[in-house]
Amino acid sequence: MAAAHDTKAPGRGPPKQKIELFSGTYFGACALGGVIACGPTHTSVTPLDLVKCRRQVDPNIYSSNIGAWRSIFRNEGLRGVFFGWSPTFIGYCFQGGGKYGFYEVFKYIYGDQMFPNMNKTVVYLGASASAEFLADVALCPFEAIKVRMQTTLPPYASNMREGWSKIVAKEGYSGLYKGLYPLWARQIPYTMCKFATFEKTVEGIYSTLGAPKESYTPVQQTGVSFLGGYIAGIACAAISHPADVMVSKLNSDRKAGEGAGTAIARIYGNVGFRVVDLR
């Protein structure tokens with residue numbers, strides 16, 4: 001009897017298994033994607049964030065961004081330009097994992113389980129708000145340390161560990177969360193706008209192209225996602241910017257025992273809407 005021939009094409013391994021939609025592995029992959037997307041990218045723009053935070057707290061400290069980087073590099077070297085990178089990296093890894101992971105969880109719960117007939121945009125908005133609410137609880141301590149390190153001269157702390165220890169020793173763990181309300185005010189509208197705009201933009205692109213997403217190659221799908229993310233980023237940055245200024249000012253200028261509402265009203269009274277909006 002002749003031996004049976006192996007009909008498998010040479011050089012091909014077993015077919016790749018696809019991740020089951022809305023499985024634990026799927027949600028974990030989304031969270032990991034958020035860690036990769038947010039931690040390294042936010043850390044890479046630390047030089048811009050450093051100058052932004054300092055100019056938000058003191059509009060007269062530098063005349064321009066270029067002049068600021070030159071001054072910092074001349075006095076402190078490259079380490080000074082990237083000052084605050086460690087709380088940025090850790091904080092936004094936590095925040096990115098929570099935001100992207102919980103977004104898919106809540107999108108599934110709200111859209112498939114609780115309100116299957118709900119308008120998709122409403123589901124996107126609700127899921128993104130819920131996800132960001134939780135993600136910011138993880139981000140807030142590291143954002144507080146980063147802002148204090150970057151906006152005080154001489155620096156409040158030379159590294160993240162020292163900053164954490166000093167805040168907890170002087171103010172307790174509540175000191176790490178005193179910027180939580182303005183952080184929510186910045187991040188929740190930002191994320192709602194980002195995810196809803198992204199989802200609708202991607203839907204619109206595929207509708208314009210005239211073919212379903214599955215008919216395109218992974219590279220083409222990535223290109224569509226990149227374009228959708230770029231458009232969404234412009235929209236959400238404009239919405240969240242005033243609250244971003246307030247986060248910097250509140251972490252650096254909130255008095256001991258002062259309530260969040262009182263501090264926001266005092267800071268707003270001192271700087272006015274124009275500074276909050278334009279810096």
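Colleague: Ile109: is the residue buried, partly exposed or exposed?

Modeller: In this predicted model, Ile109 counts as partly exposed, because its relative accessibility is 30% and that class lies between under 20% for buried and over 50% for exposed.

Colleague: Which helix holds Ile109?

Modeller: Ile109 sits in helix α4, which covers residues 85–114.

Colleague: And which residues form a nonpolar patch on the surface with Ile109?

Modeller: The patch consists of Ile109, Met114, Phe115, Met118 and Val122. Together these residues have about 410 Å² of accessible area.

Colleague: Switching to Gly39: buried or exposed?

Modeller: Gly39 counts as buried, because its relative accessibility is 0% and buried means under 20%. The residue belongs to helix α1, residues 24–44.

Colleague: How far apart in space are Gly39 and Thr88?

Modeller: Their C-alpha atoms are 7.4 Å apart, while 49 residues separate Gly39 and Thr88 in sequence.

Colleague: What about the whole protein, how many helices and strands are there?

Modeller: The protein has nine helices and zero strands. Along the sequence the pattern reads α-α-α-α-α-α-α-α-α. Of its 279 residues, 41% count as buried.

Colleague: Now pockets. Which residues line the second largest pocket?

Modeller: Lys18, Ile19, Tyr26 and Ala29 line the second largest pocket. By class, that lining has three nonpolar residues, no polar residues and one charged residue.

Colleague: Which one is charged, and why?

Modeller: Lys18 is the charged lining residue, because Lys is counted with Asp, Glu and Arg as charged.

Colleague: How much space lies in that second largest pocket?

Modeller: The second largest pocket holds about 260 Å³ of space.

Key:
Residues numbered from 1 in each chain as written. Predicted model: local features only at pLDDT ≥ 70, side-chain atom pairs only at ≥ 80, totals over all residues. Heavy atoms only, no water. 1 Å grid on protein atoms, 1.4 Å probe; cavity = no way out; pocket = protein on both sides within 12 Å on 5 of 7 lines; lining within 4 Å. Points joined across faces, edges and corners; volume = space filled by probe spheres on them. Patch = residues over 30% accessible without salt bridge, like charges linked within 9 Å, V, L, I, M, F, W, Y side chains within 5 Å. Areas by Shrake-Rupley, 256 points an atom, 1.4 Å probe, with all protein chains shown as cover. Salt bridge = Lys/Arg side-chain N within 4 Å of Asp/Glu carboxyl O. Helix = DSSP H or I, 4+ residues; strand = E, 2+ residues; numbered from the N terminus. Buried < 20%, exposed > 50% of the residue type's maximum accessible area, 1.4 Å probe, protein only.
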